[in-house]
Amino acid sequence: MASIAAGEIRPVASSVRHERREARTAWLLALPAIILMLLFVLLPIVAVIFLGFTDFELGVGKFRFVGFENYAELFTDRTFRKSLWNTTVYTAIVAPVSILLGLGVAMLIEGEGWGKSFFRTAYFLPVVSLIVAMATVWQYLFHPTIGPLNALLGLAGLPKPNWLGASSTALYSLSIIGVWQTVGFNMVLFLAGLTAIPRELYAAAEIDGAKSSLDRFFLVTWPMLGPTALFVTTISVINAVKTFETVKTLTDGGPNHASEVLLFTIYQEGFVYMKVGYASAMTVVFLAILVVMMFLQYRFLDRRVHYS
């Protein structure tokens, strides 16, 4: 009996040692990623939260704790409120339009019998293009006197606005560029989702009476694209909220703060006016807005997603 018990204990002990060895190996493999996450994500977040409670300025050796004074000042700062409103408007335009256009283009390419690779590459080019390089092209397109867009409007007898130079059109012009930048990326994601849908479902839906393409879309395509659509919505909103390059390159926040968005305001306060403490408080608010938006999206949209 003792020998039988010893024989049973030995494999168990060996299995435990094997699991511990695998756990150690897993931690060693994950250690570089954990260190990078601590150094470049968690520690900067902690530093920003800490600096948000101070009056620290670049070039000034001393700083003091000011509590919630920076946050109280945000609510009375007209520039901050303007940039927050501009960010909201920009996101409300760019995110839904780029999602709908990305889905539409993906479905057109998926249904195309030839030239799929060409159209994928053509629509994805804006994603890999440097906005600083493309700024020259957009400045020419939107130029009030020599731009082709205003030339076409003039031929049609319509007024020719100063797209990037007028307060009433600057933000909407940047929104057009934002949609142009984002559609290709959303298209690729939707193409991946469309490719994963089994063709047999469409045949079954047609047998059940879904004769038109619209019926098959709502019965099969859209429910099966739920996880992809949720991911695309999340990424599109995040990318729209954190827009910066187009504003800095094309309008520099002007005219009269008409195109100034939240990240540009943070940049101005932190690296132009050197008010790092105040900029850190803005950054905390910016991160809080992102977290709340993502929570609400997953809270309400995830319930309607069908995972296969």
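Tutor: At 9% relative accessibility, Glu269 counts as buried, where buried means under 20% relative accessible area, exposed means over 50%, and partly exposed lies in between, with a 1.4 Å probe and protein chains only. Before going on, please keep in mind that this is a predicted model, in which local features need pLDDT of at least 70, side-chain atom pairs count only at pLDDT 80 or more, and totals for chains, interfaces and linings use all residues. Residues are numbered from 1 along each chain as its sequence is written, and side-chain values use heavy atoms, with hydrogens and water left out.

Side chains of opposite charge can pair when their charged atoms come close. The partner of Glu269 is Lys275, and in this salt bridge (a side-chain nitrogen of Lys or Arg within 4 Å of a carboxyl oxygen of Asp or Glu) the closest N and O atoms are 3.8 Å apart. Lys275, at 29% relative accessibility, counts as partly exposed.

The structure holds 3 salt bridges, and another of them joins Asp55 to Arg64, with 3.4 Å between the closest N and O atoms. Here Asp55 is partly exposed, with a relative accessible area of 30%, and Arg64 is partly exposed as well, with a value of 48%.

There is also the salt bridge in which the side chains of Lys248 and Asp252 meet, at 3.2 Å from N to O. Asp252 has a relative accessible area of 44% and is partly exposed, while Lys248 is partly exposed with 32%.
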